[in-house]
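Some notes on the model follow, as numbered points. Please read them alongside the coordinates.

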Amino acid sequence: MIPLDYYIILSAFLFVVGVIGVVISRNLIVMFMSIEIMLNAGNLALMAFSRYLQNMDGHVFVFLVMAVAAAEAAVGLAIIIAVFRNRESVNSDSLNLMKW
């Protein structure tokens with residue numbers, strides 16, 4: 001059996017990769033994928049703790065997070081496609097739609 005520490009270290013690594021992707025990247029698609037990596041890192045930690053504690057609550061939370069991620073993917077991709085159609089770019093620096 002793999003120790004809990006390995007799962008937590010992997011989850012932390014994936015989360016840090018996601019945060020770096022959001023902070024560094026200017027491409028909306030890459031930022032979107034980085035957010036998905038962060039959500040999956042959280043799911044991995046939830047599953048690891050659920051397995052370690054022999055409790056099924058973590059599995060329920062993972063399904064909830066997956067449902068939120070699916071909704072976020074649908075809405076996020078629609079927004080990115082709309083931005084691309086209007087601006088012909090997915091660069092986040094070129095977005096100033098909320099500015100007056």
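1. Serine 34 is buried, at a relative accessible area of 6% (buried is under 20%, exposed over 50%, partly exposed in between, with a 1.4 Å probe and protein chains only). The model is predicted: local features need pLDDT of at least 70 and side-chain atom pairs pLDDT 80 or more, while totals for chains, interfaces and linings use all residues. Numbering starts from 1 along each chain as its sequence is written, and side-chain values use heavy atoms, with hydrogens and water left out.

2. Serine 34 sits in helix α2 (residues 28–53); helices are DSSP runs of H or I with at least four residues, numbered from the N terminus. Beyond its neighbours within four places in sequence, serine 34 is in contact (heavy atoms within 4.5 Å) with Gly18, Gly21 and Val22.

3. The axes of helix α1 (residues 4–24) and α2 come within 8 Å and cross at roughly 165°. Axes are lines fitted to C-alpha atoms over the stretch in contact, and angles run from 0 to 180 degrees between N-to-C directions. The two helices are therefore roughly antiparallel, a term for angles over 145 degrees. Among the residues making this contact are Gly18, Gly21 and Val22 of α1 and Ser34 of α2.

4. Alanine 78, in helix α3 (residues 57–87), is partly exposed, with a relative accessible area of 45%. From alanine 78 to methionine 56 the C-alpha to C-alpha distance is 34 Å, with the two 22 residues apart in sequence.

Technical notes:
Parallel < 35°, antiparallel > 145°, perpendicular 65-115°, else oblique.
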